[in-house]
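Hello,

Here is the structure for your files. My notes on it follow below.

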Amino acid sequence: MFRPISTSTSIAAILALPVALAQNSLSIALGTTAPSGASNYLDPSFAGFGIEPSNLFSFTGGDDYVNHLSVQLLQNLAEYSGAPPHIRLGGNTQDYMVWNESKTEMRWAPNKNSQAQGAIAADSMIIGPGYFSALDRFPKDTPVTFGLNMAYMDADWADHIVALAQGAVSGIKNTKLYSFEVGNEPDLWLQNGFRTGAWSGNTYTSQFLDRCEQVCTRVLTPAGLPCAFFEPPATASTIGTTFEISQLVSDGILEGRNGDNYVTVWNQHDYFYFIGVTRTPLTLDDLMDMDQTNTQFAYWEKQVGIALKTGLPYVLREMSSVGPIGMPGVSDVFGASLWTLNFFLYAASIGISSVQMHMTDNSNASAWQPIPMYGHDTTFVRPQYYAHAAVAQIIGNGNGTTQISALKTSNVGAAYDGRIRAYTAYANNNLQAVVLINSKEANSSVGTKDSFTFSLSLGSSNANKHVYLSYLTADGAEVATGVTWNGMSYDDITGNSTIVDASEYKFTTDSSGKVSIPVRDSQAVVANIGSKLGVNAVLKPDPTQSKKSSAASSIISGSRNAVYTTAVTIFLALAMVMSA
């Protein structure tokens, strides 16, 4: 059934709700210009999506209909950030697909003559030109990383991969082919039967280069495209394997063939939690403990550093809170939206150039449900999408010059350990916004919710300035509906945004540039200096702009039992904090 969009609660009603005034706080002194360790300028397509190749038509629609929900949700993000989100069309099923030029209908077909190896055969699915016609329904110039089938290894493998690559180059017209992934998660190929015997990073490197050489010579060069068009190694996890980036470099993956270099970026995959692989149980509270994310991703963070030292960017083309298809009550509720917001900003702060949150048409971790399922009669938007909207507006706010830097959030007290995160966003090298996240779980059943106060020192140059607040909020961490970002809600069928709270929430800094902002448990706030997010025009950024830097964080200090020192306009913000 259709889920009604909740309307905003009046300020008077919110003020009447019981609330526990914040007894915890953190003092943060911010630099007014981007530190040397801030991220590069974020590409407006930074916060993207992965779509499982076999599920493409669920997201685009088929021969007889267009999935307008998907198109509109992607268009919203393009308007917020300045460009459509990057789509990675890849996953397990890319290594099942072979090309048939005569297949113009918008659906894949089973291969009745399948003969290839694999637990699921590497030639078991057939696609054709209709596949890319469907993809082209997405917003114009949507950057696409397309996954080629590397698993197939019969004698005619070269003709097969060339045909698939040519189909993409010729068939993608409205969206924009950005790169090729060659094979999905080859570190797992002994398990799924795609390879047998001696299989290692060294063998993978040789076969990867073989395929790149064929595609380069027979497809890319004739099309006037660069041969540095490929994203290895697309691994699930390289811990304890021979597929680490440094090992692949030693194996010669960057040396190319015939004087041509094939690698454009380093590509790896990860999930915070994967059912059937991660051995410990998972709760929503675990997901909302941001320290656990840092712990889980620590190895990947090292790989990022190694990758960047090669002079190439690092992207995370397959990521999610819970794989393979999410977990009800964890990945499909508001707490997962806070996790998603934090992960995007964390990833940017450590030098990751792009992140794709993976989606299938049956996943409880997909940002929207493209077909009716799970007791719903219609499509619907999940809370995670609201985090994508928040990140898109943060990036668009800098018009191609947004940089992110993580702030240290220690000494917050035992009750908030792992629950407090803060990031600065810079535009044109100047402090523009502060993102404040309080991920302490507070469910909708809790009538009196606690809050945490961030006491910010924005510098004397920001004295006596208005700071406008945009909230990522819901009634509780466990709810799947009634989520809003920046006062907006998104329709479950059309994907259009509706303003459900037009109130203006702002503080005013004091004469030294200080302001204190309370954030309710299970809530996030973006404090933007000088204007509300989304009111200024978002321009398509200059592609020649770039800024290189290394990761670093500014120093902050913690304190307890702080007193609010904000201007009279604090009452509007307190209204948001008090909402249940």
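This is a predicted model: local features need pLDDT of at least 70, side-chain atom pairs count only at pLDDT 80 or more; totals for chains, interfaces and linings use all residues.

Helix α3 (residues 68-81) packs against helix α11 (residues 383-396) at an angle of about 25°, with the axes 7 Å apart. Because of that angle, α3 is roughly parallel to α11 (angles under 35 degrees count as roughly parallel). On α3 the contact uses L73, N76, L77, Y80 and S81. On α11 it uses Y385, H388, A389, A392, Q393, I395 and G396. Contact means heavy atoms within 4.5 Å.

Residues are numbered from 1 along each chain as its sequence is written, and side-chain values use heavy atoms, with hydrogens and water left out.

Now the cysteines. The count is one disulfide (a pair of cysteine sulfur atoms within 2.5 Å). C216 and C227 form a disulfide, with their sulfur atoms 1.9 Å apart. The link of C216 and C227 is right-handed, with 70° about the S-S bond. C216 sits in helix α6 (residues 201-220), and C227 lies in the loop between α6 and β9 (233-235). C216 is buried, at 1% relative accessible area. C227 is also buried, at 10%. Buried means under 20% relative accessible area, with a 1.4 Å probe and protein chains only. C212 is in no disulfide; the nearest cysteine sulfur, that of C216, is 8.6 Å away.

Overall, 58% of the 580 residues of the chain count as buried.

Best wishes

Conventions:
Buried means under 20% relative accessible area, exposed over 50%, partly exposed in between (1.4 Å probe, protein chains only). Axes are lines fitted to C-alpha atoms, for helices over the stretch in contact, and angles run from 0 to 180 degrees between N-to-C directions. Helices (H or I, at least four residues) and strands (E, at least two) are DSSP runs, numbered from the N terminus. Angles under 35 degrees count as roughly parallel, over 145 as roughly antiparallel, 65 to 115 as roughly perpendicular and the rest as oblique.
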